[in-house]
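I opened the model today to look up a few helices, strands and one loop. My notes are below, in the order I made them.

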Amino acid sequence: MQKKHSIAFTEVTPTAKIAADTHGGRAKCLQRLIRLDLPVPRTIALPFEAVHALAAGEMLDMKRLLAPFGPDALLSVRPSSEDPDWGGPGAILNIGMNDARHAALSRSLGREAATALYLRFVQAFAVHVARLDAEMFDQRGEDGEAALAAALAAYEAETDEQFPQDPAHQLSEVLRSMARAWEGTSARLLRQARGAPADAGLGLVVQQMALGVGPGESGSGVIQFIDETTGEPCIKGRYLSQSQGRDALVQSKGALYLTKDPRGPSLEERAPECFTALIEYGRTIRTRLREEMQIEFTIENGRLHVLDAVRLRRSPRALLRSVVALAEDGIIPREEALCRIDPHALTELLHPQIDPEAPREVLLEGLGASPGAATGRIVFTAEAAQAAEAQGEGAILVRRETTPEDVRGMHAARGVLTEKGGMTSHAAVIARGIGVPCIVGASAMSLDLREHRITLEDGRVLGEGDLITIDGTSGEVLGGAVPLLEPALDDAFNSLMRWADAARDIGIRANADTPGDARMARTFAAEGIGLCRTEHMFFEEDRLTLMREMIFADAPEDRAAVLERLLPLQRADFEELFEIMQGQPVCIRLFDPPLHEFLPATREGLRELAEALDLPLSDVTRRVEALKEFNPMLGMRGVRLGITIPEIYDMQARAIFEATAEIARKGGTVVPEIMIPLVSARREVEIVKTRIDSTAAAVRTETGQDFAWRLGVMVETPRAALRAGDIAPNAEFLSFGTNDLTQMAYGLSRDDAGRFMSQYVRLGVFDEDPFHRLDTEGVGELLMIGAERGRAARGDVVLAVCGEHGGNPESIEFCRKAGFDYVSCSPFRVPVARLAAAQFALREAAGRKKSKLSQRLMEVFARPAE
């Protein structure tokens, strides 16, 4: 025997004890609307506890629940989860409709309206409560009376009983069905995927119906006051006469515009008093609820009712613009505005995005590795991408995987698509760094690089020159040109960034390898360049040939002669960077990669190199083979290369100092920061420092210009972190390169991790891909050790993080707590880092303020009574 549940349900009144964490967000919002004296129909809220008890089989006191509504009221039931984004069962309308109410309403509203109400309830009850086949209750095409009769007959045939006539029984069944639906396995998994905890509760709201059908002006609609895509102020929505719920949004035929419109009739013309009231309600709700809301309303015989108001779902650009507007209008403080924006969402504002309302033909899908959208013609080589750029045409570079030789093509292309790879593959990392949309791991395509064609799973073939659009956010490859929304770097964006800069307490620099990167860093207000990878400057065609000549030189003097020809090119690079950054710090990492990366890997490439160097193909092949390493990541690279072939670092140091002297001659000021890569021992730093000191002295003498510079170390090896106390006395800064440090700490290649990383994360081996989010426990401990020992040995040493993790909000939080001075990330992640840093500083300040208040209260209560 079922027992009645003793937990009290609550009528929603201005003073009722209702909270979002006990009754759900909808119930709390309705209470706020009632407090604003809006015409909300009578509503009762069931708390999470009561709904859980219903799902367990207990019964509520239905007589007591129905009493406030009176004997003839029709009711609706809607879900009320703590967060609207967690979803919930669909609303059920017109509870209480039965044969008697149908007859009574036929006399007062008219037969057609009463029948429509009854039919809607029978269909909803049969499908969502009795769980009968929906097709059996699809009576489209039949007139009202016949459709109602068919639906009642179908219900009786399927259940062997008449459709329930008792309103209390109807309501009880609806409540129990919705409660059980929420507690079901599939619903639980779905809401967990949306970020809800496994034990998230559901409230239910029982509300008296405002019918929206019948005599006079009756209907339903929704209204909002900004555009959900752009955030621009506007009056937007729909109204449909003789309708209920959100019918106006799904039934366009007969729907009215809200404001006067030359395309058709409007609510403003048909019911001007209701329209004026809605506009006033919208202003009140925005001001008092401090949010942009969508109002659901019903008009019953000319009388306006507000059924609900929900937080408007907005695109990231609309959310940012509306939140900034709320702050500028004095409705919310700037600090709250900063904390309302998810830093990750900013990436969508910095790149073109596919118009969400545009039609799209999805050809294939991969992993969205670098956000943004781009349209272009398919090309299969870096050279073809550069040629397309020279002709002013957009290209999408398609490769099986990218290599360092493809970087110049990636710069020229509007987007990159690869058949293989993961989120930390070469293509993904480089594309994010230069702000190019990229999709990797599109394994559903078959790529034929010899024939220059792509074969899709359905057999269709795409060739060079075919037009496609890639969405680096979703990972979709679309056919043809699709309408795009331009980046939203408007006044609202700039205001938010200014507020963030005023709040944050950690520096944000950008990784920039080219003048274009540096300009982008300036655009996003980076506080300097935290990592300039000079090797990327050598992949241009004219420099690549010189690099190869240097590699094949047999004697130091021959290498020096070739490097002397590279010197003016490198000097011009640095001078341009210094001019762009206008006195801001520029941290230049000396040459890092192994030399074999500059040599061709194909037979055709080797033959071309032999012709360029005027050497026998056999000699070139032997030299290339001799330079290959079993594990290049751990081989002859970084400082090891600088010590064994010192002419390279000598040339780079001279180029830096000559550029610095030239800026000084022109009246500018720059203090370059020179960073030694892949250090693992103090003596390595001492050797390189001695040669750089000598070069600096020589340039001062030759130019007659005095200048300052700083020397630092890129901490990428575990040993460098552990021996930071030895290294720091010779370094003015320690910049932790978390990409390589993660690889070496895990003994894991970033380029190969994609083969199993998703399975590791799924099985809980790792919480997250450590190349995507900083491992604060393992790699983070190395950072902490290095920071502590470095600072102990040299109190003024500057600490930084310059890997891809530098733009990750979770990494920024860790670096702040560890006392780092700045983080450096790709230019397009700088705004993300600025906002995240501000949010962490604000939350920490709020926590300190709350702690002080708690301490004061404890002191007050601890005092003896007088």
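This is a predicted model: local features need pLDDT of at least 70, side-chain atom pairs count only at pLDDT 80 or more; totals for chains, interfaces and linings use all residues.

**Entry 1**

I found an open sheet of 4 strands in the order 7-6-8-9, with antiparallel pairing. Strand 7 (233–241) and strand 9 (303–311) are the edge strands, since each pairs on one side only. From one strand to the next, the twist averages 20 degrees.

Next I checked what lies on this sheet. Helix 12 (residues 272–289) packs there and touches strand 6, strand 7, strand 8 (293–300) and strand 9. The direction of helix 12 makes about 150 degrees with that of strand 8.

**Entry 2: pairing, strand by strand**

I went through the neighbours in turn. Strand 6 (residues 219–226) and strand 7 run antiparallel and are joined by 7 bridges. Strand 6 also runs antiparallel to strand 8, with 5 bridges between them. G221 stands opposite Y239 in strand 7. G221 also stands opposite F297 in strand 8.

On to strand 8 and strand 9. I counted 8 bridges joining these antiparallel strands. Here T298 stands opposite H305 in strand 9. The two strands form a hairpin with 2 residues between them. In that hairpin, N301 takes a positive phi near 55 degrees.

How many of the 8 residues of strand 8 are buried? I get 7, so strand 8 is largely enclosed by the rest of the structure.

**Entry 3: helix 6 against helix 7**

I turned to a helix pair. The axes of helix 6 (residues 111–129) and helix 7 (residues 144–159) come within 9 Å. They cross at roughly 30 degrees. That angle makes helix 6 roughly parallel to helix 7, because the cut-off for roughly parallel is under 35 degrees. The crossing of helix 6 past helix 7 is left-handed.

I listed the contact residues. Helix 6 contributes R111, T115, Y118, L119, V122, F125 and A126. Helix 7 contributes G144, E145, A147, L148, A151, L152 and Y155. By type, the residues of this contact divide into 10 nonpolar, 2 polar and 2 charged.

**Entry 4: helix 17**

Is helix 17 (residues 426–434) mostly covered or mostly open? I find it mostly covered, with 9 of its 9 residues buried. The buried residues are H426, A427, A428, V429, I430, A431, R432, G433 and I434. I note that H426 and R432 are on this buried list.

I then asked what covers them. The cover includes two helices, helix 16 (407–412) and helix 19 (515–523). It also includes strand 12 (367–370), strand 15 (415–418) and strand 16 (438–440). Just after helix 17 comes G435, which takes a positive phi of about 75 degrees.

**Entry 5: A601**

A601 is found in the loop between strand 25 (586–589) and helix 22 (603–613). Is A601 buried or exposed? Its relative accessibility is 76%. A601 therefore counts as exposed, given the cut-off of over 50%.

I also took one distance. A601 and T621 are 20 residues apart in sequence. Their C-alpha atoms are 9.8 Å apart in space.

How values were computed
Residues are numbered from 1 along each chain as its sequence is written. Side-chain values use heavy atoms; hydrogens and water are left out. Axes are lines fitted to C-alpha atoms, for helices over the stretch in contact, and angles run from 0 to 180 degrees between N-to-C directions. Angles under 35 degrees count as roughly parallel, over 145 as roughly antiparallel, 65 to 115 as roughly perpendicular and the rest as oblique. A crossing is left-handed if the near helix is turned anticlockwise from the far one by less than a right angle, and right-handed if clockwise. Contact means heavy atoms within 4.5 Å. Ala, Val, Leu, Ile, Met, Phe, Trp, Tyr, Cys and Pro count as nonpolar, Asp, Glu, Lys and Arg as charged, and the others, Gly among them, as polar. Buried means under 20% relative accessible area, exposed over 50%, partly exposed in between (1.4 Å probe, protein chains only). Two strands pair if DSSP finds at least two bridges between them.
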